[in-house]
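The sequence and structure come first, and the notes follow by topic.

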Amino acid sequence: MEIWELGAKNIREQVLRKEISAQEVLDSFLARTAEVEPKIHAYIELIEPQARLDAARVDALIMRGEDPGPLAGLPVALKDNLNLKGVQCTCASRILEGYISPYDATAVKKLRKAGAVFTGKTNCDEFAMGSSTENSAFGVTRNPWDLQRVPGGSSGGSAAAVAAGMAPLSLGSDTGGSIRQPASFTGVCGLKPTYGRVSRYGLVAFGSSLDQIGPFGNSVWDCALALEAIAGEDPRDGTTSKRPVPRYTEGLKRPVKGLVAGVPREMMELVTDPGVRREFERALKIISDLGVTVVETSLPTTEYCLDVYYIIAPSEASSNLARFDGVRYGRRAKARDLDEMYYETRGQGFGIEVQRRIMLGTFALSAGYYDAYYLRAARIRTLVRRDFDKAFAAHDVLLSPTAPMVAFKIGERVDDPLAMYAADVLTVPVNLAGIPALSVPCGFSRPDESGPELPCGLQIMGKPYDEETVLALGYAFEEACSDWFVPKTAAMRKSLSSQEECEVVVRDTI
Amino acid sequence: MSETQYELNVGLEVHVELATASKMFCRCKTKFGDPPNTNVCPVCMGLPGALPVANEEAVRLGVMAALALNCRVNLSSRFDRKNYFYPDLPKAYQISQFEEPLAVSGYVELASGKRIRIRRLHLEEDAGKSMHAGDDITTASYSLLDYNRSGVPLAEIVSEPDISSPEEAREYLEKMQRTLRFAGVSDVKMEEGSMRVDCNVSVRRKGEAQMGVPVELKNLSSFRAVTRALAYEYDRQSRLIEQGKRIARETRHWDEDKGVTVSLRAKESSQDYRYFPDPDLPRLELDEAFIESVQRAMPRLPNQVVDFYVNVLGLPKYDAEVLTVDPNLVKFFDRCVELGGEPKPVSNWLMGDIMAYMNAKGLSYDTIPVTPENLVAMLGLIKDGVISGKIAKDVLIKMFETGKAPGDIVKEEGLEQVSDDASLSVIVDSVIAANPEVVAQFKAGKDKVLGFLVGQVMKASKGRANPAKVNIMLREKILS
Amino acid sequence: MKIDVKHVADLARLKLSEDEMRRLEKDLESILLRMERLKALDVEGVEPTFGAGDVQRLVLDQDRPAPGLPREEVLKLAPSSEGPYVSVPREGTPGDAPQGSE
Ligand SMILES: [Zn+2]
C-alpha cells in the first residue's frame, strides 16, 4: 500500500511515531497527483516548493522532539477562495488572475500551526457560485468516478482532490451546499460547521451571512480532526462564537443509541433520482439498526428555501463583489476614463454566472424592490429558522439525502440556471438556518445503464454548535458501511490510474 | 424683488472625524498627515476576505457627541452597507448607519434661544482621498489615491431644515464645533477635514406650507464659504422663483474664487445606494450603565462654562462667549482665576493683547506662550502700582518672547513706575519751567491744559511716571 | 415580472453585450417568476433574519493601533501606481490613448 492510500489517521500516527517523515508523505501525494491530476484538474495551482518547505519544517520539529501539531505533516489542499499568503488567490475568476494574497486566512493560519502542509489551491466555481465547478475561468474539474461528469460544486476541486487520493484533507467553503453537495457527488465526507464556528476571515466573501469554511476528508474522523484545528473564536471575525471548541475526534465514539432522528417529508419530496431515494432509505435502515429512532418530521418552509437563498446570497454577493473594480488589485481593463474602467473591468473579468447573480442581487436590493425581495426573503428566513428550531425540539438530528441527484454530466445543466440551482435544494435550508451538517457517503446509484456507479451522500443536520452529535452519528454510520464502501473507493482510484488524460475545458462564457 | 418675500430653509449635514487612535473597523493608525498609503491593511484596503471589527472608542466618542448635542442615544442600532462605486471607497460600499442610527432628536441652541433640531447622529467610516495628477485639474488624466483616511471613524450629524439665514448656519456650526471640541470627541478642524459640511438649501415664498426644492451644496471648506454660498443660493433661488422658473433638484459646487455655485450633477436615478444591514456586523447593543458612564465622563460644555462665568464670576456675557471659543483658553482662564487673578482683568488681557498676539503669530490655543502664573503675576504688578497698564503691554510682549516672569522683566529693564516724590519732583519742575504759557493758561482757569502737562511728564519719564501722582503734584506746584 | 436589465447593469457597473443583456433578462425573469411564490407566504409581523450566528451583539475591539501592510506591498498589488499613490483613470475626461494596464 502506498502512503497516500493509508488515510489521514494512519498517516498522522506513523509520522508521529517517526515511522515515516512528513516529506515522504508529501512525496507520495505529489506522485499520486502527478499521475491523476491531468485527468481530474482539481487544482488551479500546485505549490510544490512551499509544500516541501512546510514538510521539512514539520520534520525538523519532530526531529527536535517538539510537537508538530495534531495534523503532523498532513497535506491539505485549499479551495482557491481562501487566502494563503504569498500565493495566488483567484477564486477561479479572471478578475483575480495573478492576485497574490498578502495575508493568511485565519483557518489557514490555524491549520499551519496544527502542522498542515499546503499542497495548492483547488478549482471551484467562480467566487463559489455554482454547483458543478464548471463556472471556473481555469477549466472544468472532473469527477473521479466518471470523468465525463462534474464533481459538484462549488468546492469541486477540493472534493475531487480528496476523492482521487491527491490529498488526505482539503478545505472548502459552503454557502448553499458547496461542501456537502460535491462531497456527495465524489463519495467523500464533507462538513459544513455551524455559522460562527469557523472564522471567515480570509475567506473571500460570497454570502456573508451564509458562508462557512469546512473540511473534506475520506472519513468522518478526518473531518473531525480538521474541524478541531480550524474552529474557534477569532477577534478578526465578529460573527465567530465564543463557545469553547470540543475535541471532536474524541467525541466520535459517543453512543448514538437512543438518538431521535427526523426525516423531513418536504425534503424527500424533492428527491428526483430514484437511486438516491433507494440508497437513502437503505441508510435509514442501517441507522435505525444502530439504535437510533428514525421518524418522519416536517419542515413546512422547505419548498421556499431555494428562492429565499437565491435572493439573500446574490444580494450579499452583489455588495461583496463590488470591490473587484480594478482599482487597488486584480485585473484592470484598458479604459479611457473611470466609468469605462469599471464597466470593462467587471464586464470582462466576471463570468456569466457571477454576472447573473450580481444582477439578481443588485435588483433585489434596488430602490422599489428591496421590500418585496430582500426584506421579504429575510423574513421568510426567520420562518425557516423557526421550522428548524421546532424540529430540533423533538429530534437530535435531521436526515436527508445531500443532493436530490448524483453527479450529472459536464455541460448538462450549465446553461439552465434553475436546473443548476435545483442541485442545492436540500442543502440551502441548512445555510439559511446556520446549523451544522455533514455529508457522508451512503450508497451508489447508476443513472446511466451503461455508465459507472456514482456515489450519493447522506446529510446529517444538527442543532447549532452540536457538531459532536452530527459527527458521532456519521462515524457510527460510516463504520457500519465501511466494508462495502471503502473497497469501491479503492477500485475507483485504481481504475483512475488507467484512464486517459483529459483536456482542460474552459467554457466560453467565462 | 423684495428680499423679505422669501424664506430660506437650510439643513446641514456635518461630518466630524472622531479622535480615536485607530480606525473604525481595523486597527490602522488615524494620524493626519502621515505619508500616503502607510496606514493601510487588508481591511481598509478592501482586500478580498478581510472583515471589519468595530472600534470601542469610536462608539464611546459617538455616544459622547450625541449626548453633548442633546440627542437621545438608541440602545440598539445597526450598521448598514451603502453601496456605490468610487475609487476612494475600497470595498465599493461604505459601512454606515442608515435605518437605525446611533442617536436621534438632539438640538443646538442659538444665542437667540432658537433651537436648531438635530434629526440624527450616526457612525460611519471615512473614504480615502483622491487627488488629480497632471499639470492642471482639467488636463490630468489620472487620479491619485491615498487610503490612509479610508476607515477613519466619522460621526454624521444631520439637522432638520430649521436654519433660516446664513448667519444662523454659521452660529449653528460654531456652536457645534465648540461643543464637540469641549466634549473631546474630535479636532473639528475644517482646514484639516476633520469637520466637513454639506448643505441642503431650499427657498420658498413666505407663508407657503410646502418646502422648496432642496439643492445640495458641496465643497464648503470654511464657515465663511458656508455663509457666502448660502447667501448666494438664497439670491439665486429667490430670483428663479420670482421669474416663475422651476428650481432643479441637484447638487451644486461652491466656487470659492468666483463666489458662485455651479451645477455639479442632477440627482441621478443611478444614485441608488442599495442600503442593507451589514451581515458582518451584529447589532450594536449598548446599555444604560454605559450611557451613564459616558455622561459622567463628559467634560464641561461651553454653555455650562458661559453660565458659570456670567453668574458666578460676574463676567459680561460677551466675555464669556469669547473665552469659550476653545477649551484650552477656558483652561487657561480658569487657572488664572484659581491663582487669584480677578476675572474681568484676566478676561480683558486674554481677549485683548493675548489673542491679538496669538492671531498675529497664527498660534493655536493649545500653545499659549505665557503661563497663567506669569499673567496673574503681571496683573499683580499693575494692581500694586509697580507698572502702569501701558508698560504692562510691553512687559507682556517680552513675556511672550522670553518666557520670563514679569517681575524679572520689570527689574531687568528698569520699568518700575516712578512714584517717589523726589524723582517725580525733578521732572515736574523741569516741565513747568519749559512751558510757561501753558502754566499761565492753567492758572487762568483753563483746567483742560493740565492733561498736556501730564503728558509731557510721562514722556520725559518714558512712561514710567505714576500718572495719578503726576497730576496731583502738578496742581500743587502750579497753584501753590 | 419585467426587469430593467440596463439599469441594473449600470448600478452594478457591468458592461454587457446585447446578447448577454438579452440572455440575462430572460434568465432573471424566469428566476423572478419562480420567486413569485414567496408572495403567498404571510410574513406580517415576522422579524427579518439578517445574520445566522449566535453572536447577537457587536464585538468591540480596543482602540490600540497595530501595524498594517507595508506600502510597497500595497502598491505592488495595484494595477497602476504613481509615486506613493495608487492611480486610476480620471472621471469622464476621455483622452486619446486608453489608460491602465492589462
Ligand atoms: Zn486598516
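A:R149 has a relative accessibility of 5% and therefore counts as buried, the cut-off for that class being under 20%. The model is a predicted one. The side chain of A:R149 forms a salt bridge with that of A:D448, at 3.6 Å from N to O. This pair links distant parts of chain A, 299 residues apart.

- A:R149 sits in the loop between β3 (117–122) and α5 (156–163) of chain A, whereas A:D448 sits in the loop between β10 (437–445) and β11 (454–462) of chain A.
- A:E250 counts as exposed because its relative accessibility is 56% and the exposed class begins over 50%.
- Side chains of opposite charge can pair when their charged atoms come close.

**Salt bridges within chain B and overall count**

- B:D319 and B:K344 are joined by a side-chain salt bridge of 2.7 Å, N to O.
- B:D319 is buried at 3% relative accessibility, and B:K344 is partly exposed at 34%.
- One network of salt bridges with shared partners takes in B:R78, B:D80, B:E99, B:E100, B:R283 and B:E285.
- Over all chains, the count of salt bridges is 82.

**Zinc site in chain B**

- Four SG atoms coordinate the zinc ion, from B:C26, B:C28, B:C41 and B:C44, at 2.3 to 2.4 Å.
- The angles among the four donor atoms run from 99 to 115°, and the site is tetrahedral; the class requires all angles to lie between 85 and 135 degrees.
- For four tetrahedral donors the ideal angle at a metal is 109.5 degrees.
- Along the chain, the donors are spaced as C-x1-C-x12-C-x2-C.
- B:C26 and B:C44 both lie in the loop between β1 (6–17) and β2 (54–55) of chain B, so the pair ties together parts that are 18 residues apart in sequence.
- Both B:C26 and B:C44 are buried.

**Interface of chain C and chain A**

- The contact involves 63 residues of chain C and 72 residues of chain A.
- About 6100 Å² is buried between chain C and chain A, with 64% of this area on carbon and sulfur atoms.
- Eight salt bridges are counted between the two chains.
- One of the salt bridges pairs C:D54 with A:R243, whose closest N and O atoms are 2.9 Å apart.
- There are 24 residue pairs in polar contact across the interface of chain C and chain A, both residues being at pLDDT 80 or more.
- On the side of chain C that touches chain A, the elements giving two or more residues are α1 (5–11), α2 (18–35), α3 (71–77) and β3 (85–89) of chain C.
- The most residues on that side come from α2(C), which gives ten.

**Make-up of chain C**

- Chain C contains three helices and three strands, arranged along the sequence as α-α-β-α-β-β.
- Of the 102 residues in chain C, 41% are buried.

**Interface of chain B and chain A**

- Here 30 residues of chain B contact 37 residues of chain A.
- The two chains bury about 2700 Å² between them, 60% of it on carbon and sulfur atoms.
- B:P48, B:L51 and B:F85 supply 23% of the area that chain B buries against chain A, more than any other three residues.
- One salt bridge is counted between chain B and chain A; the side chains of A:R200 and B:D280 meet in a salt bridge at 3.1 Å, N to O.
- Polar contacts between chain B and chain A number 16 residue pairs, both residues at pLDDT 80 or more.
- The elements giving two or more residues to the side of chain B that touches chain A are β5 (80–83) and β16 (276–277) of chain B.

Technical notes. Residues numbered from 1 in each chain as written. Chains lettered and ligands numbered in written order. Predicted model: local features only at pLDDT ≥ 70, side-chain atom pairs only at ≥ 80, totals over all residues. Heavy atoms only, no water. Donors = N, O, S within 2.8 Å, 3.2 Å for Na, K, Ca; no water. Tetrahedral: all angles 85-135°; square planar, octahedral: opposite > 155°, others 65-115°. Helix = DSSP H or I, 4+ residues; strand = E, 2+ residues; numbered from the N terminus. Buried < 20%, exposed > 50% of the residue type's maximum accessible area, 1.4 Å probe, protein only. Contact = heavy atoms within 4.5 Å. Buried area = accessible area lost by both parts, 1.4 Å probe. Salt bridge = Lys/Arg side-chain N within 4 Å of Asp/Glu carboxyl O. Polar contact = N/O pair within 3.5 Å; in protein donor to acceptor, adjacent residues only side chain to side chain.
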